[in-house]
Amino acid sequence: MQKPFSFRLSAFTLLMALCVSSCSFNPNQQTPGEGYLQGEWQQDSVTNQKQLISYSLYHLKFSCDSFYVEIHSFSKTNTGTDTCMNSGHWAEYTKGTYIQRNDTLRLTGQFCNADYTLKDDKGCFRSGDYDELFKVTKQSDSLITFASTTDVIPIKARLIKRLSCHPKPL
């Protein structure tokens, strides 16, 4: 037995209504982000860094829902061309947006040049997507530990400049 046309039309209408109601437009303005993160954070050293073969120090900036990261890496071994490794010291830059769920901070963005323009894939080191998860532990208003899910050395960062979020249009 065939179902009547009105039943099929009702089912189709219901399905379309569910699809349309599940869609939403992207916001036309930045979201405020996490208030406690707003500012510039600096990692000055790593525990036992003199004994390590390689390590990185981070400078992080959070402005509303955006982040900017400078990663300064140091290595006692030269595993690449010296024009890139610069005698064991180099810097990488990333920018993007972040979200926090409970104690987990997710940074999603792109590797960039020093002026935060998008980096092409022909340069030194990493390019393309940057996607990192950190467990965040707030030690005080001016000290935060970011424990990466891909690195064993935590980033212990101190606040060097507090910023206020003023959302900008996108």
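Before anything else, my rule for pairing: two strands pair if DSSP finds at least two bridges between them. Strands themselves are DSSP runs of E, at least two residues, numbered from the N terminus.

I'm working on a predicted model, where local features need pLDDT of at least 70, side-chain atom pairs count only at pLDDT 80 or more, and totals for chains, interfaces and linings use all residues. Residues are numbered from 1 along each chain as its sequence is written, and side-chain values use heavy atoms, with hydrogens and water left out.

Entry: the overall fold. I traced a closed barrel of 8 strands in the order S1-S2-S3-S4-S5-S6-S7-S8, paired antiparallel. From one strand to the next, the twist averages 35° (axes are lines fitted to C-alpha atoms, and angles run from 0 to 180 degrees between N-to-C directions).

Entry: The hairpin joining S6 to S7 goes through 2 residues. S7 then meets S8 (residues 155-162) through 4 bridges, again antiparallel, and I found isoleucine 144 bridged to alanine 157 in S8. That hairpin has 6 residues between its strands.

Entry: S1 and S8. S1 (residues 39-42) runs antiparallel to S8, with 4 bridges. Glutamate 40 has lysine 161 of S8 as its bridge partner.

Entry: the serine. Is serine 63 buried or exposed? Serine 63 lies in S2 (residues 54-63) and counts as buried because its relative accessibility is 16% (buried is under 20% relative accessible area, exposed over 50%, partly exposed in between, with a 1.4 Å probe and protein chains only). Neighbours within four places in sequence aside, I see serine 63 in contact (heavy atoms within 4.5 Å) with Gln30 and Gln38.
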